[in-house]
Amino acid sequence: MGILNVTPDSFSDGGRHDAPAAALDHARRMIAEGADILDIGGESTRPGAPAVSAEEEWRRLAPVVEHVIALGCPVSIDTYKAETARRALALGASIVNDVWGLQRDPAMADTVAEAGAAVVMMHNREAADAGLDILADIDRFFENSMRLAERAGIARERQVLDPGIGFGKTVDQNFQVLNRLEELHKHGLPLLVGASRKRMIGAVLGVETDDRLYGSLAVHTIAMQKGAAIIRAHDVRPHKDAARMAAAIFREHV
Ligand SMILES: Nc1nc2ncc(COP(=O)(O)OP(=O)(O)O)nc2c(=O)[nH]1
């Protein structure tokens, strides 16, 4: 899943691809490098990012979504607002990537179901709590998300779970989640992992966001070994090579 942030302030690539022509070029490059999905987001979700209205979010997205969809690669819309999801799905996006797992906008589950779309339900918290059993919290959150999806009529085969690396967790809790990732298979759904260029990598390697590709590859290769089905990354070609090597070893089709 290649990341296409059409935002001025995304933590690692804000402002680089927010002009429509630049966004389209970046989308083409990620497809050429082997992206299976393009994830388009109009609002930075980094900790402390200012909230963006649905109108402003769509103003950023509108010039890009339709043209990226026309490139032919499946598109996911990275939004927790049902109105933004509805607009993108109407233009042909096929996945909603909800960093609040259907639990922020009460209209989101129905919006996904009505469009027959797939949904990524990501674990999130308003604030990190170092004393929390983070895996238990993720389990509870996933159970709520799956209940909402079920109630709305979203087919089970269109549901994906994501432990939300870097969201409402201490750095150590991110490592715990990755170390015990295989425990999340008990929910019976494909797992998505997105650690690309994130703070937990900087915490170990002491490098800035633009210098975290090798660390991202290491984290994502371990996630693949632990059964992650989708990797969300900024750098598609390096991750595609890693995925192909993993598939050769695990003898699975990628
Ligand atoms: N499903 C899913 N979606 C996500 N969306 C945004 C970010 C944050 O990363 P990025 O998009 O690079 O930064 P920003 O939110 O600042 O645009 N991480 C995830 C993630 O881990 N999983």
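**Helices H5 and H6**

I started with helix H5 (residues 134-152) and helix H6 (residues 171-179) in this predicted model. Their axes lie 9 Å apart, and the packing angle is about 70°. Angles of 65 to 115 degrees count as roughly perpendicular, so H5 is roughly perpendicular to H6. I then looked up which residues make the contact. H5 contributes Ile134, Leu135 and Ile138. H6 contributes Gln173, Gln176 and Val177. I sorted the contact of H5 with H6 by class: four residues are nonpolar, two are polar and none is charged.

**Helices H3 and H4**

Next I took helix H3 (residues 82-90) and helix H4 (residues 108-115). Here the axes are again 9 Å apart, but the angle is about 10°. Angles under 35 degrees count as roughly parallel, and H3 and H4 are therefore roughly parallel to each other. On the H3 side I noted Ala82, Ala85, Arg86 and Leu89. They meet Met108, Thr111 and Ala115 of H4. By class, I have five nonpolar residues, one polar and one charged in the contact of H3 with H4.

**The sheet**

I turned to the strands. In what order do the six strands of the open sheet run? I read the order as E1-E2-E3-E4-E5-E6, and the pairing is parallel. The edge strands are E1 and strand E6 (159-162). Each of these two pairs on one side only. From one strand to the next, the twist averages 20°.

Strand E3 (residues 75-78) and strand E4 (residues 95-98) run parallel and are joined by three bridges. Opposite Ser76 I found Ile95 in E4.

**The largest pocket**

Last, I looked at open space. The largest pocket has a volume of about 850 Å³. Its lining comprises 42 residues. Which of them are closest to the centre of the pocket? I noted Thr45, Arg46, Pro47, Gly166 and Phe167.

I also asked what strand E1 (2-5) and helix H7 (199-205) supply to the lining. Each gives at least two residues. So edge strand E1 of the sheet also turns up in the lining of the largest pocket.

I have 15 nonpolar residues, 15 polar and 12 charged.

How values were computed
Residues numbered from 1 in each chain as written. Predicted model: local features only at pLDDT ≥ 70, side-chain atom pairs only at ≥ 80, totals over all residues. Heavy atoms only, no water. 1 Å grid on protein atoms, 1.4 Å probe; cavity = no way out; pocket = protein on both sides within 12 Å on 5 of 7 lines; lining within 4 Å. Points joined across faces, edges and corners; volume = space filled by probe spheres on them. Helix = DSSP H or I, 4+ residues; strand = E, 2+ residues; numbered from the N terminus. Nonpolar A, V, L, I, M, F, W, Y, C, P; charged D, E, K, R; others polar. Pairing = 2+ DSSP bridges. Axes fitted to C-alpha atoms, helices over the stretch in contact; angles between N-to-C directions. Parallel < 35°, antiparallel > 145°, perpendicular 65-115°, else oblique. Contact = heavy atoms within 4.5 Å.
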